Structures are given as C-alpha cells and as structure tokens.
Amino acid sequence: MELQKPIYFKDKELQGQITSDSKRISDYDISIATGKIVPDIQCIQKDRDLWRVYVKSTEGRSKLLREGFDIRNRHISVYDTNPYSAGLDSPNERVLKITVKGIPLSVDDGEIVKMLEQFDLNFTSELKYEHIRHPESKKMTGILNGNRFIYVSPLPDGKFLPRSCKCAGLHCLIYHYGQPSNKRTLKCTNCWEVNHSRNNCPNQSRCKVCKKEGHNPGDEACDEYSEPIPNVVPFAGASDVLSNFYPCELKAFGVTHRSSEHAFQYVKAVRSGDIPRANAIQSAPTALDAKRIGKTISASKSFEDSKLELMTEIIQAKFDQIPKFRESLSKAKKSGSVFVEATYDDYWASGLDKSGTIHTRPSSWPGQNKLGEILATVADSRPSSKQHHRSNSVPRPSKDASQLSISSMLKELQTPRKRDCSGSRKPSPKSQFDKNG
Ligand SMILES: [Zn+2]
Ligand SMILES: [Zn+2]
C-alpha cells in the first residue's frame, strides 16, 4: 500500500476546553470534518497527543494542509511535519530539517550537534535517527540508515549550510531544503564561510582549520597544531615525483600523456565529449596548463561518478611505468606512511599548504586527501618485486560500461590523428595497462 506523508495536529489543539469524555472529538468526527475538504481520506490515527491524517492524493494533502478544517465551530490548522519531532508550537511556525549523512552510527550524537553549532543554528528539536524506508511504499522500517537529522528555525534569507563538512575528524555531508544543489558552493577563502567571496568578505581573516582569527593553519597558536608527524609524507609540485604535476611520459587510456595530471584532465575532456579540449590538454606544455584547460570543462556525470576509479587507474599506470615513482612510493610505504597532497584542494589534497599540512593534526585537515589515499592503496596493491607482472589477485578498478564508452570515444578521437607510439594500440580496456613489448 502506497502512503503519502500524513498531516498532523495536536489533540490538545483539537479538543480545546473539554469538560467530559463524552464531548471529546472522535476519529469519526474528524473523518466527517476533513471529508468536507478532501474526498480521499485514507486513515485517521491518534497516537497519544498526536493525530495523523493520511490523504490518498498529493493534491488532497496539499489542500488540507492549506485550508485546515472546521470542527464544532472552530478552525483547526494542520501541520506539515510532526510537531513533536520538529518542536513546533504552531502550524504557522516554520522549521527547517537538516540532515547529516556519511557519519558512522558509532559517532556520538554530541559530536554532530557540536559540528552543527558552528553555524549559529536555533535547534527546535533533538537530533534524530533516520530509518530505512521501503523504496516504493515509503513505509518506515525499524532499521536505521545512519543518517541523523535535526529541526532548526529557518535560516535567514540567502544563508545556507555547506554541503561538505567535517565532524569528529570525518567528512560528512549536510542537506537541507533550499540549499543550492551545485557542488561548487561559493566559499570565502578569507573567513571560510559560504555564500560570499574573498573580495567582499565582511570578516577578519580566519584560520582554515580551527576558524579562529589571528593565525594561519600550521601556526603554533592553532587549536589543531601538531609537531610534524614522522610518517606523514606531504607531496606537491612538479619537482616531486609523487605529485601529479611531475612531468613524465605516461601511457593511459591508449594515449601518451606528459604527466598524470595531463591524463586526468584528458579523460575529463573525453568524458564530456570535448575532443578539441582533450587534444589541447594532451599538448599542454605543463601539468598546470593542462589543469587550467581542464577547469574550463564542466564535468559530465559519468566522470564525476567515476573520477576516483579513473584517478586510481592513472596512478596505477604511473606506478607500472615510472620507476622513480614506484621506488619513492614503495620506499615510503614501508615505514607505514600517510601520503598527503599538500595543496589547497579540498577534495584531492589536505586543503593546506606544505607547512600547514605537516603542522596540523591529520584528522583536522580540511581536505579529504583522496589522492593521498589512492597513493597508499596503489603502493599496497602491488609489491615492487612483482612490478612487471600483472597479477589477477590485485584489486583492479572495475571495467564497467562507462569504461567501454570511453574506449569508443577514444577510437573516434584517434582516427583522424597521427599517433607516434600509441596509435597502433587498440585502446580496449584490457590493453590499457599492458606493458610495452
Ligand atoms: Zn569571508
Ligand atoms: Zn587554527
């Protein structure tokens, strides 16, 4: 049975002043009263002081929500949300539901509340747990899905919470109504609030890590300051072989690139069907040039969905083909290192410069360090003694349908162009990482 979300009202608001039980308004009375507004009432249910009325159609539900109903010469306004869950005192009061995802259930609620408190919210409810719902009937099951939510007073106009945030050293995602779905939320690089830019920042400069004024990340004054940790291996820049900016001749996706950054930007262009830019990236003199061209391309969904796998393939190819990279990585890996790209990128890197990275506790790096994680995985996945031998026991990125479509796009791309070393190679997924000869 498919169910709409119910509408709600409180029994104490319904009954008003009652003197005896015989005068109490019953579910039958409510069915007559609401039936005058909408014809398709499905269920009327009372749970302690809370009434739920289920209406079959979306239109009917909206109408009842808009108009309320009259009973015993009184008008009853109804609630869109469970008023007890949301902490509502009146149907006219508005609240905003904030959902936090991506946090293990084991993380204490207090940590999540603490994280949300930084946004100056007025909580109207306690933190609550979301349950798994049936995909079609939307009926709630007794099993939790790990998401937490809380109701707050509506945010001032134009204000919204950032989608990505850090809680108890973990990355989490925040969702609420009215939040721009665009992932590239404007974030000020002066005070780190969202929704304005550095150029019109009204605030004092703040530390990107602890959000306090008067120092930069990595400064001893920072709450998250740390002495350099010996096993943290920061990398950045063209002179560092661990960096994607390091120039090296790299074959990936059937063509030769000038760096792993070139390879990544190239595949972004191809996935967007932008062949002219793919060619421009391939011939860009430096990795920075390639990155700049890549920035002008809006990523396709297929690219966004698989960029981690694509980056892993590229790093694996670099590991196979560039001995200096393989040696550096294997050597550092032996000492149990944490690899971290020390740049301002909040997705691939620590989000901090080199000094900020080594002097900040890793759990407080604002960036997600995805590239560092990939380096660690690749270093683990294949011992250097087996470097020339591809083992099936090594976990490989999956070759899915989107992977095949990239091959066909590449075929098109290659046909009109002369290839020196790779033109004769079939860019099938299987041959992508085979060694020469
Ligand atoms: Zn600002
Ligand atoms: Zn700080």
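Tutor: The axes of helix H6 (residues 260–271) and helix H9 (residues 301–321) come within 10 Å and cross at roughly 150°. Helices here are DSSP runs of H or I with at least four residues, numbered from the N terminus; axes are lines fitted to C-alpha atoms over the stretch in contact, and angles run from 0 to 180 degrees between N-to-C directions. H6 and H9 are therefore roughly antiparallel, a term for angles over 145 degrees. This is a predicted model, in which local features need pLDDT of at least 70. Residues are numbered from 1 along each chain as its sequence is written.

H6 contributes Ser260, Ala263, Phe264, Val267, Lys268 and Arg271 to the contact, while H9 contributes Ser302, Phe303, Leu310, Met311, Ile314, Ile315 and Lys318; two residues are in contact if their C-beta atoms, placed from the backbone, lie within 7 Å. These residues divide into 8 nonpolar, 2 polar and 3 charged (Ala, Val, Leu, Ile, Met, Phe, Trp, Tyr, Cys and Pro count as nonpolar, Asp, Glu, Lys and Arg as charged, and the others, Gly among them, as polar).

Helix H7 (residues 275–282) and helix H8 (residues 287–295) have axes that come within 8 Å and cross at roughly 165°. That makes H7 roughly antiparallel to H8. Arg277, Ala280 and Ile281 of H7 meet Ala290, Ile293 and Gly294 of H8, and the residues of this contact comprise 4 nonpolar, 1 polar and 1 charged.

Key. Chains lettered and ligands numbered in written order. Predicted model: local features only at pLDDT ≥ 70, side-chain atom pairs only at ≥ 80, totals over all residues. Helix = DSSP H or I, 4+ residues; strand = E, 2+ residues; numbered from the N terminus. Parallel < 35°, antiparallel > 145°, perpendicular 65-115°, else oblique.
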